[in-house]
Amino acid sequence: MRVLLLGGTGEARTLAAELIGRGVEVTSSLAGQVSNPALPVGAVRIGGFGGSEGLASYLREQRVTHLVDATHPFAATITRNAVAASSRSGVPLTLLRRPGWTQRPDDDWTWVPTIVDAARLAAGSPAGTVLLTTGRRDLAAFAGDAGHHYLVRTVDPADGPTPPRYTPILARGPYTLDGELALMREHAVTLLTTKDSGGALTIAKLYAASELGVPVVLVERPPLPDGLTACASVAQALDQLGFGATSG
Ligand code: NAP
């Protein structure tokens, strides 16, 4: 069994460790967009494949027996490519996607389908400070809003258009409720704009917003390709790959 694990998430790193612990040959793949990525155990390759054809060629050349897509829920292109490469090469695909966040009755959340919609709502919100955690490549959508101050939290510094009035915060989760409360209070945040990444590591900002009465704009996940179902946990992915799960 030779696994190519498309990664870039905490779940991917956990799955890599679980598989390697079971004696499986695993190569994790990262896109190379983060300057100092958290690395999984085992072999790692970095950089794109050159679309679905490039990925299919890689699967054949490297005699990969199982393809696992454990990429971020918003990484829609690589997931489409994984589906196409799987059907082109005959290598079976396992998709691991952590569930999205669930709105509680007291949460003041507005769901929007795209980042452009989120930017429109932020620009139209009452004057104040917007905490933006949608990722540095989504900043351009907010660049036309001079009416708000933006507190922009990203892993790496912005390298494209940004809102004219913004304070960068370079950080990588996990985040605590106390830390998120302190951040929002210190900067008098009036709106949180984020995307439905799901998972426990970055959920504290939503709890903090709720506690402080700060409304939230949440970008919905892109849909999965037709006919594709996802494993919701590392344990489920291990099951689908033929292993009894012990953790995850
Ligand atoms: P994307 O839009 O779906 O993919 C863009 C291109 O990047 C793909 O066509 C592929 O290039 C390359 N790529 C993406 N993931 C790759 C991987 N794991 N290994 C090798 N090449 C990969 O993806 P994205 O939204 O830019 O995200 C890039 C990576 O960052 C993903 O691996 C994802 O797990 C991680 N990440 C994304 C987010 C997010 O919010 N989008 C957040 C946290 C982590 P080729 O076509 O040349 O193969």
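1. The lining of the second largest cavity splits into three nonpolar, three polar and one charged residue. The classes here are simple: Ala, Val, Leu, Ile, Met, Phe, Trp, Tyr, Cys and Pro count as nonpolar, Asp, Glu, Lys and Arg as charged, and the others, Gly among them, as polar. The residues in question are Gly7, Gly8, Ala12, Arg13, Ser28, Leu30 and Pro40. Helix H1 (10–21) and strand S2 (25–30) each give at least two residues to this lining. Helices (H or I, at least four residues) and strands (E, at least two) are DSSP runs, numbered from the N terminus.

2. Before going on, keep in mind that this is a predicted model: local features need pLDDT of at least 70, side-chain atom pairs count only at pLDDT 80 or more, and totals for chains, interfaces and linings use all residues. Residues are numbered from 1 along each chain as its sequence is written, and side-chain values use heavy atoms, with hydrogens and water left out.

3. How many cavities of 30 Å³ or more does the structure hold? There are two. The search runs on a 1 Å grid over the protein atoms alone: a cavity is a set of points where a 1.4 Å probe fits but cannot get out, a pocket is an open set with protein on both sides within 12 Å along at least five of seven lines, and lining residues have an atom within 4 Å of a point. Grid points are joined across faces, edges and corners, and a volume is the space filled by probe spheres set on the points. The largest cavity has about 40 Å³ of space, and the second largest cavity has about 30 Å³.

4. Around the largest cavity you'll find Thr9, Glu11, Ala70, Thr71, Pro73, Leu96, Arg97 and Arg98. By class that lining has three nonpolar, two polar and three charged residues.

5. Pro73 and Arg97 turn up in the lining of the second largest pocket too, along with Ala76, Thr79, Arg80, Arg221, Pro222, Pro223, Leu224 and Pro225. This pocket holds about 150 Å³ of space, and its lining has six nonpolar, one polar and three charged residues.

6. On to the helix pairs. Helix H2 (residues 51–61) and helix H3 (residues 76–89) have axes that come within 8 Å and cross at roughly 50°, which makes H2 oblique to H3. Axes are lines fitted to C-alpha atoms, for helices over the stretch in contact, and angles run from 0 to 180 degrees between N-to-C directions. Under 35 degrees counts as roughly parallel, over 145 as roughly antiparallel, 65 to 115 as roughly perpendicular and the rest as oblique. The contact (heavy atoms within 4.5 Å) includes Leu55, Ala56 and Leu59 of H2 and Ala82, Ala84 and Ala85 of H3. By class it has six nonpolar, four polar and three charged residues.

7. Helix H5 (residues 177–186) and helix H6 (residues 204–212) also have axes within 8 Å, crossing at roughly 55°, and so H5 is oblique to H6. Among the residues in contact are Leu177, Leu181 and Met184 of H5 and Tyr207, Ala208 and Leu212 of H6. This contact has eight nonpolar, no polar and four charged residues.

8. Finally, have a look at leucine 201, in the loop between strand S10 (189–195) and H6. Its C-alpha atom is 6.2 Å from that of glycine 173, 28 residues apart along the chain. Not counting residues up to four places away in sequence, leucine 201 touches Pro174 and Tyr175.
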